[in-house]
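Visitor: Could you walk me through this model, one topic at a time? I'd like to ask as we go.

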Amino acid sequence: MSWMKSLFVREYQLANRVGGGALIGVLFFLAVVTIFPFGVGPDMILLSRIGAAILWIGALLSTLLGLDRLFQADREDGSLELLVMSGRSLELVVLIKCAAHWAATGLPLVLATPVLSLFVGLDFQSIVLVTLTLLVGAPALTLVGAVGAGVTVSMRRGGVLLSILVIPLAIPILIFGVSAATAGAIDSNNFLVPFLFLCALTLFGLVVGPLAAAAALRVSGD
Amino acid sequence: MNQLKLICQGVACDRGGRRVLNHVDFEVGSSEALIVQGPNGVGKSSLLRVIAGLVAKANGTIELEGGMPERSVAEHSHYFGHLDALKPLQSVLENLSFWRDFFEPAAFGGGKVRESMSELEALDTLGIAHTASLPAGYLSAGQRRRLSVARLLVVPRPIWLLDEPTSALDKASEEVLLGLIADHIHAGGLVVAATHLPLNLPNTKFLNLSPVTTESEHMFAGADLDDYFDEDEQDEG
């Protein structure tokens, strides 16, 4: 058990020490969200109607921002080889790395969401719902992204390809996340179905993400 | 105490569609070192990576006799390659402690885990104890290399796969490293080292690799598999 804790602590520390850590992701999130009112115009009714979608897309893009380094940094300095041959389950290693990455970069996005919600004119109930859906759904984005990060690990500029690979896979998460957040604001009966689908997607990602990413990493040594 | 024996038979390996190793056979046992020699590009590193399970082999078998049956060869091995596996933003001690916690120790023959050093002992042995609290990014190339060696000392594993172990080390550090490798061999460990410089180690065997000829590239197209089975039969006979 202690190796899991050591790995988590190390990954969390590194994610925080590299390039500003959590702050960079939050600032990028802020930039994406604030650009929308300038593009859409000062129409508060329109903004509050699409506000949940803006926040979700902002969170998706911010999540993708740092994901390309998830395994690439380890590959470049040789750590990945040792992780692969250490005798520890690579699936668990991937899962722990994702958990630490999410704690360092995803969680701050969720925490920043209530503040950024004010920029797009959401009411109190909507703010709660968007934050809740992001809390449940954002881990799925990281897990799906980890698969892309595993596949593109050996590419020097894999970041763009990672986004191209991952964004289509993130569409279901986005659909159920946004519909839970917006439908819930109108009628709370419509909230539960998409929200449960969102929970299911995250659970699905928890299983499939580490398996797929570990399989990709195993063949990356060639 | 049962002895370990690493047996490679007919190992072949393809990199980037080209065969770089063909019919590599060797045996190396406890308290022995195998020095893999040959000119640059002949596949010394590839052989070590195949043994470490990092590169898939195209043919042949790699077995470990006397090891823990549920563990692979790679899980009995330390791989010491060209890359140091250090995080520049973490301190020297943090780097080393992480690998100590992370690596699963594999028992030596007889199921006995060799006494391993503590992190500070290992750093002291390698002469970099004074850097323990510095970020690893501030170390020189030779110091990083020594920190990487420390990883082998803090977690006991019977097989050491060393790829150009003395590169970037000064004369004194090289002596220390060779002493540590010799200690490992005397303690019943098993060393496979790839090098083009002479290494002064006890109980040494040599494996000379030569470039794969075009003839064997033709064999890759068809006859190779049969060849391998032929060898298998001979061994059984």
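Visitor: What should I know about the model before we start?

Guide: This is a predicted model, in which local features need pLDDT of at least 70, side-chain atom pairs count only at pLDDT 80 or more, and totals for chains, interfaces and linings use all residues. Residues are numbered from 1 along each chain as its sequence is written, while chains are lettered from A and ligands numbered from 1 in the order in which they are written.

Visitor: OK, chain B. How many helices and strands does the secondary structure come to?

Guide: Chain B has 7 helices and 8 strands, where helices (H or I, at least four residues) and strands (E, at least two) are DSSP runs numbered from the N terminus.

Visitor: And what percentage of chain B is buried?

Guide: Of the 237 residues in chain B, 43% are buried; a residue is buried if 20 or more other C-beta atoms lie within 10 Å of its own, exposed if 12 or fewer, and partly exposed in between, with C-beta atoms placed from the backbone. Among the contacts in chain B with a separation of 6 or more, 75% are between residues 24 or more positions apart, a contact meaning that the C-beta atoms of two residues, placed from the backbone, lie within 7 Å.

Visitor: What about H1(B), how many of its residues are buried?

Guide: In H1(B), 7 of the 8 residues are buried, among them Lys44(B), Arg49(B) and Leu48(B). H1(B) is followed by Gly53(B), whose phi is positive, near 75 degrees.

Visitor: Let's zoom in on Leu48(B): which residues does it touch?

Guide: Leu48(B), in helix H1 (residues 44–51) of chain B, touches Leu161(B), Asp163(B), Val192(B) and Ala194(B), not counting residues up to four places away in sequence. Leu48(B) counts as buried because it has 23 C-beta neighbours inside 10 Å.

Visitor: Which residues have a positive phi without being glycine?

Guide: Ser31(B) has a positive phi of about 60 degrees and is found in the loop between strand E2 (18–29) and strand E3 (32–37) of chain B. Ala168(B) has a positive phi of about 70 degrees and lies in the loop between E6 and H5 of chain B. Most residues other than glycine have a negative phi.

Visitor: Are those two buried or partly exposed?

Guide: Ser31(B) is partly exposed, with 18 other C-beta atoms within 10 Å, and Ala168(B) counts as partly exposed with 17 C-beta neighbours inside 10 Å.

Visitor: Switching to chain A, at what angle do H7(A) and H8(A) pack?

Guide: Helix H7 (residues 124–151) and helix H8 (residues 158–186) of chain A pack at an angle of about 165 degrees, with their axes 9 Å apart; axes are lines fitted to C-alpha atoms, for helices over the stretch in contact, and angles run from 0 to 180 degrees between N-to-C directions. That makes H7(A) roughly antiparallel to H8(A), since angles under 35 degrees count as roughly parallel, over 145 as roughly antiparallel, 65 to 115 as roughly perpendicular and the rest as oblique.

Visitor: What residue classes make up the contact of H7(A) with H8(A)?

Guide: The contact of H7(A) with H8(A) has 16 nonpolar, 8 polar and no charged residues, counting Ala, Val, Leu, Ile, Met, Phe, Trp, Tyr, Cys and Pro as nonpolar, Asp, Glu, Lys and Arg as charged, and the others, Gly among them, as polar.

Visitor: Last one: how many residues does each chain give to the contact between A and B?

Guide: The contact takes 24 residues from chain B and 21 residues from chain A. On the side of chain B that touches chain A, the largest share, 3 residues, comes from H2(B), and by class that side has 13 nonpolar, 4 polar and 7 charged residues.
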